[in-house]
Amino acid sequence: MAILEAKKKQFLLDGKPFQLLSGAIHYFRVVPEYWEDRLLKLKACGFNTVETYLPWNLHEPQENVFNFHGLADVEQFIKLAGDLGLHVIVRPSPYICAEWEFGGLPAWLLQYSSMKLRCMDTMYLQKVDRYYDELIPRLTPLLSTNGGPILAMQIENEYGSYGNDTAYLTYLRDGLVKRGVDVLLFTSDGPEDGMLQGGTVPGTLATVNFGSKPEEAFEKFREYREDEPLFCMEYWNGWFDHWLKPHHTRDAGDVADVFDRMLRAGASVNFYMFHGGTNFGFYNGANYQEKYEATITSYDYDSPLSECGDETEKYRAIRTVIANYLGKAEEDFPAWPAPIAKKSYGHIALIDKSDMFHHLSALSAPVKRTSPEPMEKLGQNYGFIVYSTHVSGPRSGEMLHLQEVHDRAQVFLDGVYQGTVERWDSRPIQLDIPAQGAKLDIVVENMGRVNYGPQLKDYKGITEGVRLNNQFLFDWMIYPLPLDNTAAIPFDRSPKGVEGLNRPTFYRGEFTVEEAGDTFVRLDGWSKGVVWINGFNLGRYWEKGPQRTLYLPAPLLRVGSNEIIVFELHHTEKAVIELTDTPDLG
């Protein structure tokens with residue numbers, strides 16, 4: 001049994017001074033077969049602790065339906081870390097931010113339009129309590145007080161950046177204690193007055209999050225907590241990427257220098273991230289400051305361990321800092337695990353095709369509504385949604401307005417592409433309607449819910465209405481397309497092909513693997529869409545970058561025949577993808 005305490009400006013582990021050298025690895029961003037590899041690489045760098053968030057939306061994907069298997073098997077991840085000799089910090093907040101879809105909140109919360117998030121709202125707290133009643137009993141046997149590896153647990157997450165309802169934070173803290181959590185509890189916030197006032201709880205350890213200027217950050221912290229140990233709970237040593245923006249990198253020497261200064265100040269440090277991993281499926285988040293910006297599929301984060309688990313210059317620089325600080329030789333650190341092979345499988349032709357519009361009724365159970373409604377009102381969490389109506393004619397040069405489209409819509413008139421409306425550039429599209437009228441189809445992509453800040457309530461689809469000039473259009477058929485089962489897609493092998501047509505189309509191909517290795521999907525010549533491998537959603541691609549390849553870990557491949565499906569929203573001149581041994585994040 002190990003007990004972590006905070007006393008007289010330092011941490012004590014079983015009564016002895018202890019400095020936490022921690023790195024963030026999110027089990028839900030790494031295939032389970034690689035958890036051990038990534039944890040061993042954390043140890044090999046000289047760290048003694050691993051930290052992870054727990055995303056509510058992964059563990060309760062539908063209301064009252066819980067998931068703790070596969071990527072969601074958090075208990076197995078924590079046990080494995082303990083078996084490897086690592087301590088664990090868990091952050092099971094209802095909200096996690098993490099550049100993760102909706103900050104980890106489940107999309108089904110948005111069905112309750114009167115609910116207020118992240119505060120003392122009765123309905124919201126009922127949902128949190130039910131989740132915690134399912135989750136926390138899974139974690140209590142793993143607490144250090146019960147012989148497990150969990151040393152500390154977080155209350156909410158960076159709450160001072162969002163609100164000041166300290167009664168809510170107290171309610172969450174007391175709820176953890178009531179459910180048997182008797183390890184050290186803490187909050188984490190930015191080192192600013194408002195954040196530290198709104199996000200901390202008296203009598204509960206506070207920690208701070210930042211990427212530079214540690215002396216200033218800790219000085220601000222000391223104004224609020226004179227006797228507590230210094231702990232940078234999130235040392236932002238890299239950064240995440242948005243679509244349409246350049247790939248972020250940060251100098252390894254600069255990262256090592258800031259880390260060294262924190263250690264010499266006696267601070268404990270948690271690297272956010274040590275290993276970023278991947279936003280598989282539709283789980284990437286988004287930010288909204290001046291405008292909406294969606295996070296890319298890769299969560300490489302320019303962290304010490306790359307997206308595919310490779311050592312980087314930053315990794316080596318950090319290990320040197322730890323070795324110097326501890327007065328140890330780097331060769332005395334734990335061994336690096338066996339290398340993971342990378343493979344090029346060459347070019348693969350996707351010869352089966354399926355036009356989305358031709359098969360809408362097979363792919364979706366449509367609903368009739370007077371006005372367009374967002375996904376959440378129809379019980380849909382992720383994916384795409386199609387709105388169809390008939391428009392009378394003739395109408396010449398009228399402007400089509402999509403009010404508050406979230407997030408990206410393609411417009412078709414009698415099946416012919418008219419243009420795209422994007423949330424960050426919502427200019428109207430001019431339409432000419434023939435005398436007999438025309439069928440209007442609008443395909444909307446949910447590109448990821450906002451995960452941080454005041455725009456958190458982020459409904460998806462057409463959230464207000466559709467107008468021609470000033471006239472709202474009514475009487476719609478709505479087709480939810482969650483795309484959570486690729487086996488339901490009807491394919492046909494036709495010599496005609498649909499390449500070059502600007503219409504959403506599914507493509508399928510097969511390839512044979514004799515020996516599985518990590519590989520990377522290149523989609524040169526493709527425009528925008530989603531890739532599945534053997535039914536597993538790898539995530540989104542977009543020719544506008546920065547990301548140019550999707551990481552495909554070897555455990556997702558089968559020895560023998562493998563299936564790849566691409567949902568292309570616009571067009572490709574040639575339905576061929578490449579599996580290469582080299583990542584390209586732009």
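Which residues does Thr 295 touch, not counting residues up to four places away in sequence? Contact here means heavy atoms within 4.5 Å, and on that basis Thr 295 touches Glu 99, Phe 240, Asp 241, His 242, Trp 243, Asn 279, Asn 284, Gly 285, Ala 286 and Asn 287.

Before going on, this is a predicted model, in which local features need pLDDT of at least 70 and side-chain atom pairs count only at pLDDT 80 or more, while totals for chains, interfaces and linings use all residues. Residues are numbered from 1 along each chain as its sequence is written, and side-chain values use heavy atoms, with hydrogens and water left out.

Thr 295 counts as buried because its relative accessibility is 0%, where buried means under 20% relative accessible area, with a 1.4 Å probe and protein chains only.

Now to helix α5, residues 166-178; helices are DSSP runs of H or I, at least four residues, and strands are runs of E, at least two, both numbered from the N terminus. The buried residues of α5 are Tyr 168, Leu 169, Leu 172, Arg 173, Gly 175 and Leu 176. They cover an arc of only 160 degrees around the axis, which puts them on the same side of α5, the arc being that of the directions from the helix axis to the C-beta atoms. Those buried residues pack against α4 (122-139), β7 (150-154), β8 (184-189) and α6 (193-199), and just after α5, Gly 180 takes a positive phi of about 100 degrees.

Notes: Buried means under 20% relative accessible area, exposed over 50%, partly exposed in between (1.4 Å probe, protein chains only). The expected span of a helix is 1.5 Å times one less than its number of residues.
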